Amino acid sequence: MIQPLTIQRTVQFRRQAHGRNRLDPGPLPVTTTRPSGRVPRVSRLMALAIRFERQVRKGVLGSYSELAEVGHVTRARVSQIMNLVNLAPDIQEALLHLPRTERGRDPIILRDLQPIASVIDWRRQRRLWSELSATRMRRPSDASHV
C-alpha cells in the first residue's frame, strides 16, 4: 500500500494582466498593518486642491477650466474644491489631519466648508471653523441621547 505524501510550502502569487496569477519564488512580502477606517473625503479634497493650485501656478495646467476638462468634472466642481485653498493655513492643516472615519458618514463635508472659505478674514474663518469642528467632531459617546 502506498502512503500519501504531504508537502507543505508557503508560496506567493503576483497578479498579472487580465487577472492571471504568477508564482513568485521570492521571499514573502512584509505585511504591514493598515490603520483602520478611511481618510475623510474633505482631507483628500484639501490635498488635491493644494496640489492643483501648485500645478496651475507652475504652468503645468493652464487654468481651472483645463483642470476640469482633464479631470472629467464640471468647472463648478473644480471651483468648489479649489475654494479650499482660500481657508486659513491652520484650517487647511486641520483638514489634512482629520481623524480617520471608522464607520458611517464623515463628520465634516465639503458643503460645510464652503461658507467658511467664502469669508476673507482669517480670524472670522477660525471662529467659524472652531464652531463647526466643535459641533461635528464630537464622538458618539459625547453626544447626548435624545
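1. A salt bridge here is a side-chain nitrogen of Lys or Arg within 4 Å of a carboxyl oxygen of Asp or Glu. By that criterion R136 pairs with D112, with the closest N and O atoms 2.6 Å apart. R136 belongs to helix α6 and D112 to helix α5, 24 residues apart. R136 is partly exposed at 36% relative accessibility, whereas D112 is buried at 17%. Note that the model is predicted.

2. The whole structure contains three salt bridges. Another one joins R126 and D90, at 2.9 Å from N to O. R126 is in helix α6 (residues 122–136) and D90 in helix α4, so this pair ties together parts 36 residues apart in sequence. Both residues are partly exposed, R126 at 33% and D90 at 38%.

3. R38 and D106 also form a salt bridge, their closest N and O atoms lying 3.3 Å apart. R38 sits in the loop between β2 and α1, and D106 in the loop between α4 and α5, 68 residues away. R38 is partly exposed, at 38%; D106 is buried, at 15%.

4. The axes of helices α2 (residues 64–71) and α3 (residues 75–82) come within 9 Å and cross at roughly 110°, so the two are roughly perpendicular. The crossing is right-handed. Y64, S65, L67 and A68 of α2 meet R75, V78 and M82 of α3. By class, this contact has five nonpolar residues, one polar and one charged.

5. S43, in helix α1 (residues 41–58), is buried, with a relative accessible area of 4%. Beyond its neighbours within four places in sequence, S43 contacts L95, L96 and L98.

Note on methods:
Residues are numbered from 1 along each chain as its sequence is written. This is a predicted model: local features need pLDDT of at least 70, side-chain atom pairs count only at pLDDT 80 or more; totals for chains, interfaces and linings use all residues. Side-chain values use heavy atoms; hydrogens and water are left out. Helices (H or I, at least four residues) and strands (E, at least two) are DSSP runs, numbered from the N terminus. Buried means under 20% relative accessible area, exposed over 50%, partly exposed in between (1.4 Å probe, protein chains only). Contact means heavy atoms within 4.5 Å. Axes are lines fitted to C-alpha atoms, for helices over the stretch in contact, and angles run from 0 to 180 degrees between N-to-C directions. Angles under 35 degrees count as roughly parallel, over 145 as roughly antiparallel, 65 to 115 as roughly perpendicular and the rest as oblique. A crossing is left-handed if the near helix is turned anticlockwise from the far one by less than a right angle, and right-handed if clockwise. Ala, Val, Leu, Ile, Met, Phe, Trp, Tyr, Cys and Pro count as nonpolar, Asp, Glu, Lys and Arg as charged, and the others, Gly among them, as polar.
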